[in-house]
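My notes are below the structure.

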Amino acid sequence: MQYAAFTKNAPGKPRNGECFLIKKHVSGTVILVMAAGSETDPCDWKASEIAVKTIAECIDYEAVLSKSAITGWVKKATGAVNEIYGICAGAKTGLAMAVIAENGKGWLVNIGPATTLIWQQDQLEEIKTGQSVELLGDKSGAINVVPFQLQKDNGLVLMSEGIEKHPLRNFVTDFSYLLSKPDPDKNLPLLMTQYLTGQERDMTAIVLIF
């Protein structure tokens with residue numbers, strides 16, 4: 001598996017409200033996490049940082065990964081965001097997470113407005129999880145962990161709204177081309193430099209090629 005990530009705060013914004021995590025488990029499973037703080041609530045940066053930090057601390061690198069383990073990580077992250085106090089009380093964040101084993105079997109969580117896309121047979125299609133209107137910090141209930149399967153040369157993208165709704169770029173065309181090439185660690189930064197022109201919001205993307 002090849003993977004890469006990029007994040008950049010909006011022009012004139014002193015602190016990025018988005019962050020990410022990429023970790024490789026001892027089993028060979030790759031864990032991708034992206035949090036995009038809510039810009040309409042206090043301290044978007046704090047909500048996203050706490051969500052990612054909490055998940056990182058929850059991962060047991062010796063344990064067998066499972067749907068229930070992933071659900072537990074998200075519950076812990078939700079609780080941590082709900083406990084933000086002081087001037088940042090009420091902070092919220094979206095969360096997109098993909099866990100992909102060496103055999104291509106994966107699980108996906110997407111809470112909030114992030115876009116999660118799968119690349120297969122030269123097509124880029126969104127994976128629906130049924131939680132697009134919720135955020136961590138909303139004290140939400142059930143957590144949907146959606147299974148998926150990657151085949152050889154398939155790919156996966158997690159992206160925030162700053163990329164999806166960029167005023168000058170077509171992400172479907174851009175990321176379809178990106179995923180058709182190897183070495184995303186080299187090609188993703190090159191693509192994202194083009195998104196800096198006209199950028200209006202924080203932007204984060206994580207790309208994986210299986």
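The entries start with the model itself, then go to the sheet and the salt bridges.

I am working from a predicted model, where local features need pLDDT of at least 70, side-chain atom pairs count only at pLDDT 80 or more, and totals for chains, interfaces and linings use all residues. Residues are numbered from 1 along each chain as its sequence is written, and side-chain values use heavy atoms, with hydrogens and water left out.

Sheet. I find five strands in an open antiparallel sheet, ordered β2-β3-β4-β5-β8. Strands are DSSP runs of E of at least two residues, helices runs of H or I of at least four, numbered from the N terminus; two strands pair if DSSP finds at least two bridges between them. β2 (18-24) and β8 (146-149) are the edges, each with a single partner strand, so one side of each has no neighbour in the sheet. Between β4 (93-100) and β5 (105-111) I note six bridges, and Leu 95 is opposite Ile 111.

Salt bridges. I count a side-chain nitrogen of Lys or Arg within 4 Å of a carboxyl oxygen of Asp or Glu; the structure has nine. Lys 13 bonds this way to Asp 44 at 2.5 Å, N to O. Asp 44 is in helix α1 and Lys 13 in the loop between β1 and β2, 31 residues apart. Lys 13 also pairs with Asp 202, at 2.6 Å between the closest N and O atoms.

Accessibility. Buried means under 20% relative accessible area, exposed over 50%, partly exposed in between (1.4 Å probe, protein chains only). Asp 44 is buried at 7%, Asp 202 is buried at 2%, and Lys 13 is partly exposed at 22%.
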